[in-house]
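Thanks for making time. I have one structure to go through today, and I will keep to what can be read from the coordinates. Here it is.

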Amino acid sequence: MRRTVAALALAAAIPIGACARNPVTGQRELALISEEQEVAMGQQAAAEVEASLGLVEDADLQRYVQEVGAVLAAGSQRPNLPWRFRVVEDATPNAFALPGGFIYVTRGMMNLMENEAELASVLGHEIGHVTARHTVQQMSRSQLAQLGLGLGAIFSPTVAEYGDLIAGGLQLLFLKYGRDDERQSDDLGFQYALAAGYDVREMDDVFATLARIGEASGRSSVPAWASTHPDPGERVQTAQQRAAAIDRPERLRLDRAEFLGHLDGLVYGDDPRAGFFDQGRFVHPELRFSLAFPQGWRAQNTPQAVVAVSPQQDAAIQLTIAQAQSPQAAAQQFLSQQGIQAGQAFSESVNGVPAVASYFAAATQQGTIEGMVAFFGYNGRTYQVLGYAPQGRFAQHDRTIRGVMGSFAPLTDPALLNVQPDRIRIVQLTAPTTIAALAQRYPSSAGADQLALLNQVPDASSTLPAGTAAKVVVRGSVP
């Protein structure tokens with residue numbers, strides 16, 4: 001949880017009917033938007049992605065990924081786009097592209113890869129979606145207009161939207177390309193990586209690892225393996241066939257040591273320092289506070305807000321940081337907005353924290369909503385807790401929402417304050433070592449099966465030879 005951002009909206013309608021040549025195929029096709037509009041779309045969506053997910057706070061890693069991606073993009077059919085490559089703070093293994101050359105790979109995906117050649121294969125695939133204009137074809141004006149309505153702007157009186165607070169939003173970014181688009185991007189990514197001198201035989205390892213994750217979970221946990229995509233086994237086989245046909249006398253690049261050097265110390269899994277739920281209570285060690293959410297409510301922590309929705313999906317609670325220096329100033333700013341009607345107000349101390357609260361009603365595009373908002377001044381920040389429901393339904397949730405607001409409290413438990421994330425560590429093996437032995441030597445939330453995935457070996461009984469730089473997960477390590 002960091003901040004609230006406003007919903008995105010396109011300023012002008014998209015002209016329809018112009019024709020242009022596809023930069024990859026050379027064929028003339030219907031062009032819904034110009035390249036300038038495409039870049040503008042991507043910039044808007046990229047701002048939403050980075051505000052909603054957040055970027056990994058590692059300048060060297062971000063610079064490294066940008067450099068690798070830029071080399072690949074320079075050899076593509078659209079080298080003049082403002083290409084931007086970043087690692088987002090998400091434990092799910094994934095990568096996605098936005099119009100105009102804005103490409104993201106998740107921290108979870110970085111954890112899974114073994115070398116720079118694999119990274120080049122992933123980035124090359126996403127570059128292919130942009131160069132072939134798949135992103136433009138899939139991301140319509142209506143989709144862009146919705147990007148801010150999910151995780152982006154859960155509730156903003158100025159935008160006045162009400163809807164499903166947890167679903168939607170960013171899921172639109174994981175665009176469902178057709179199978180032909182995916183095959184074309186696989187082929188383009190292969191070409192870009194090979195042209196840059198990378199060992200493209202590593203591409204099949206990426207597909208195989210993602211397929212193993214889906215098999216282990218009993219379902220596809222990675223958006224890339226949606227039903228519209230080619231079968232994972234087919235993609236592995238196709239990648240192997242492409243690699244077998246390579247006729248290049250020079251040695252192709254893996255660059256494993258440099259890649260693993262950037263991976264060393266990277267957070268593995270969810271980062272508890274950014275807040276986590278402990279038996280229904282939201283705890284934030286970095287900001288040193290806690291807030292108890294109702295039992296049975298569906299809750300989610302995002303970089304910009306913590307939200308919870310009632311079981312009937314007829315009420316919501318949102319925790320954010322207010323852009324005001326005091327609870328009084330924040331309350332005045334909130335209640336003075338157009339469309340807001342203030343109700344009974346309170347000024348008191350909650351668990352030793354000064355607070356200001358007020359009932360309110362707000363006119364939205366979907367009708368009137370009723371709610372209660374509270375502001376807390378704590379450790380130099382002002383926190384906003386907002387509870388609301390459609391008109392006529394708030395009364396049945398009033399007591400529950402007031403209970404949440406009354407639970408805001410300083411965090412004092414040393415065990416919670418000092419919790420640290422698991423991190424990837426690169427260790428040099430001095431003797432042949434099984435994955436099972438590594439898991440025993442470096443106990444963490446990642447068991448032997450996870451270590452086998454991270455090191456791209458079949459299972460826990462697999463032996464890594466002496467001299468191998470192996471990935472392990474260390475509990476609570478400090479970078």
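**Loops, strands and helix packing**

Gln313 is partly exposed, with a relative accessible area of 46%.

The average pLDDT of the protein chain is 82, and 78% of the residues score at least 70. Where pLDDT is low, the predicted coordinates should not be read in detail.

Now the overall count. The protein chain has 15 helices and 21 strands. Of its 479 residues, 54% are buried. Taking contacts between residues at least 6 apart in sequence, 67% join residues at least 24 apart.

Back to the loops. Where is Arg288 found? It is in the loop between strand E8 (281-284) and E9. Arg288 also has a positive phi, near 65°, and is likewise a residue other than glycine. Its relative accessible area is 39%, so it counts as partly exposed.

Strand E9 covers residues 289-292, and Ser290 has its place there. Is Ser290 buried or exposed? Its relative accessibility is 4%, so Ser290 counts as buried. Beyond its neighbours within four places in sequence, Ser290 is in contact with Arg281, Phe282 and Val283, and also with Ser407, Phe408, Ala409 and Leu411.

Another loop residue is Asn94, between strand E3 (84-88) and strand E4 (95-98). Asn94 is in a loop, but with a relative accessible area of 5% it is buried. Thr106 is 12 residues away along the chain, and the C-alpha atoms of Asn94 and Thr106 are separated by 5.6 Å.

One more strand residue, Tyr359, lies in E14, residues 353-364. The cut-off for buried is under 20% relative accessible area. Tyr359 is at 18%, so it counts as buried. What does Tyr359 contact, leaving aside neighbours within four places in sequence? The partners are Gln341, Ala342, Gly343, Gln344, Phe346, Gly371, Met372, Phe394, Asp398 and Arg402. Leu335 is 24 residues from Tyr359 in sequence, with a C-alpha to C-alpha distance of 9.5 Å.

The crossing is right-handed. On the H2 side, the contact is made by Tyr64, Val65, Val68, Gly69, Leu72 and Ala73. On the H4 side, it is made by Glu116, Leu119, Ala120, Leu123, Gly124 and Ile127. By class, that gives nine nonpolar residues, two polar and one charged.

H4 also packs against H7 (residues 179-195), at an angle of about 125° with the axes 7 Å apart. These two helices are therefore oblique to each other. H4 passes H7 in a right-handed crossing. From H4, the contact includes Ala120, Gly124 and Ile127, along with His125, Gly128, His129 and Thr131. From H7, the residues are Asp181, Glu182, Ser185, Asp186, Leu188, Gly189, Tyr192 and Ala193. The division here is five nonpolar, seven polar and three charged.

Finally, H2 and H10 (residues 256-263) have axes that come within 9 Å and cross at roughly 145°. Which residues make the contact? Asp60, Leu61 and Tyr64 of H2 meet Glu258, Phe259 and His262 of H10. In this contact, three residues are nonpolar, one is polar and two are charged.

That is the end of the walk-through.

Technical notes: Residues are numbered from 1 along each chain as its sequence is written. This is a predicted model: local features need pLDDT of at least 70, side-chain atom pairs count only at pLDDT 80 or more; totals for chains, interfaces and linings use all residues. Side-chain values use heavy atoms; hydrogens and water are left out. pLDDT is the predictor's confidence in each residue, from 0 to 100. Helices (H or I, at least four residues) and strands (E, at least two) are DSSP runs, numbered from the N terminus. Buried means under 20% relative accessible area, exposed over 50%, partly exposed in between (1.4 Å probe, protein chains only). Contact means heavy atoms within 4.5 Å. A crossing is left-handed if the near helix is turned anticlockwise from the far one by less than a right angle, and right-handed if clockwise. Ala, Val, Leu, Ile, Met, Phe, Trp, Tyr, Cys and Pro count as nonpolar, Asp, Glu, Lys and Arg as charged, and the others, Gly among them, as polar. Axes are lines fitted to C-alpha atoms, for helices over the stretch in contact, and angles run from 0 to 180 degrees between N-to-C directions. Angles under 35 degrees count as roughly parallel, over 145 as roughly antiparallel, 65 to 115 as roughly perpendicular and the rest as oblique.
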